[in-house]
Amino acid sequence: MHRFLSEKEDSLSRELTEHENSVLELIRENLRRAEEGLRSLDARLKRLNGQQAQGDDIQFLKGISKPRPDDIQLPDEGSTELPLGLFKGPLQYKVWKQMKDFISPVLESLVFDPSSAHQRLLVSEDLTHVRLTNSNQQLFHTAERFNPCVNILAAQGFTSGRHYWEIEVGSKTAWDLGLAKESVQRKGRITLSPIDGYWTIWLRNGDEYKALDWPAAPLTLTVRPRKVGVYLDFEGGQVSFYNADNMTHVYTFKDTFTERLFPYFSPYLTSCPGNAEGLRLCSLKL
């Protein structure tokens, strides 16, 4: 990233220098043409003064005419300015968009998988928001659907590579977030632990955070996150959680992954005070 920014700075500096040189050359050319025009006008003025002094009024009047358009060439008003859009524009955003093409991982644009959602979970039309309702949705009972736990998976699963995504939890007082193996148990009572194919953290009662490792580990967060980031390095056997508001590290699981992993979510129960809000998947804003 440092090398890219340094090279981009050098490239922009070269472009700016080249433009500056072209503008200076244009100014010199305009100045030369203006001086030539002034000399031509000066010669005509002297000739007319001489004719007037000789009393040749007819010849004097014949010599008066409008200056030719090329007698004095003034520079175009915008020709010596920085071109709009090239140097006078959103340079930082332009460079950032170029830089993100080689940053790995970049923020994943996940969507929820409605076929995995518990029947009381309502998923938005764009598949990026989920919340718990008081009644079942009109959904088919399938082997993929969680029941009775109010859980849902992302539509995207990973079998390799490094991936990062963010979830907006807002002011919710309870939630579960993390990863699940494709083969995890989805019916009946579920134990969230790596032994059972889940790598998750949760929030309960507004301020009780826990990493559901084996054994589970209470977490102390000095700042309450409104967004949580999850990082997966499949080959490296790492799942890390971050407060995505300031990118402070929360917890890291180390394990060996052998099958497809899916981002896992639960907005938890609305019976918890202050927990009616849903979960929203964050996307990269371009």
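Buried means under 20% relative accessible area, exposed means over 50%, and partly exposed lies in between, with a 1.4 Å probe and protein chains only. Lys and Arg count as positive, Asp and Glu as negative, while His and the chain ends are not counted. A salt bridge is a side-chain nitrogen of Lys or Arg within 4 Å of a carboxyl oxygen of Asp or Glu.

This is a predicted model, in which local features need pLDDT of at least 70, side-chain atom pairs count only at pLDDT 80 or more, and totals for chains, interfaces and linings use all residues. Residues are numbered from 1 along each chain as its sequence is written, and side-chain values use heavy atoms, leaving out hydrogens and water.

**Overview**

The protein has 3 helices and 13 strands. Helices (H or I, at least four residues) and strands (E, at least two) are DSSP runs, numbered from the N terminus. Of the 286 residues in the protein, 38% are buried. Contact means heavy atoms within 4.5 Å. Among contacts between residues at least 6 apart in sequence, 67% join residues at least 24 apart.

**Two buried charges**

D213 sits in the loop between β7 and β8. D213 is buried yet has no salt bridge. The nearest side chain of opposite charge, K254, is 11 Å away. The side chain of D213 does make a polar contact of 2.6 Å with the side chain of Y251. A polar contact is a pair of N or O atoms within 3.5 Å; within protein, one must be able to donate a hydrogen and the other to accept it, and residues adjacent in sequence count only if both atoms are side-chain atoms. Not counting residues up to four places away in sequence, D213 touches P194, Y251 and F253.

K8 lies in helix α1, residues 2-53. K8 is also buried without a salt bridge, and E15, the nearest side chain of opposite charge, is 5.9 Å away. A polar contact of 2.9 Å links the side chains of K8 and Q98. Beyond its neighbours within four places in sequence, K8 is in contact with V95 and Q98.

**Salt bridges**

The count comes to 7 salt bridges. Three of them are listed here.

| Pair | Closest N to O distance |
|---|---|
| E29 and R32 | 2.4 Å |
| E36 and R32 | 2.5 Å |

D176 lies in strand β5 and R204 in strand β6, so the pair ties together parts that are 28 residues apart in sequence. D176 is buried at 4% relative accessibility. R204 is buried too, at 11%.

E29, R32 and E36 are linked in a network of salt bridges. In helix α1, E29 and R32 are 3 residues apart, about one helical turn. E36 and R32 are 4 residues apart in that helix, again about one helical turn. E29 is partly exposed at 29%, R32 at 36% and E36 at 37%.

**Sheet and hairpins**

An open sheet of 6 strands has the order β3-β12-β5-β6-β7-β8, with antiparallel pairing. β3 (152-153) and β8 (217-219) stand at the edges with a single partner strand each, so one side of each has no neighbour in the sheet. Two strands pair if DSSP finds at least two bridges between them. Strand β7 (residues 208-211) pairs with β8 over 3 bridges. K210 stands opposite P218 in β8.

Strand β10 (residues 238-243) has 5 of its 6 residues buried. Strand β9 (residues 227-233) runs antiparallel to β10, with 6 bridges. Their hairpin has 4 residues between the strands, and G237 takes a positive phi near 65 degrees. β10 is also joined by 6 bridges to antiparallel strand β11 (residues 248-254). The hairpin of β10 and β11 has 4 residues between the strands, with M247 in the turn at a positive phi of about 60 degrees.

**Nonpolar cores**

A nonpolar core is a set of buried Ala, Val, Leu, Ile, Met, Phe, Trp, Tyr and Cys residues joined through side-chain atoms within 4.5 Å. The largest has 38 residues, and those with the most contacts inside it are W165, W175, I201, L232, V239 and F265. Another core, of 10 residues, lies apart from it; F146, L153, I190 and L212 are among them.
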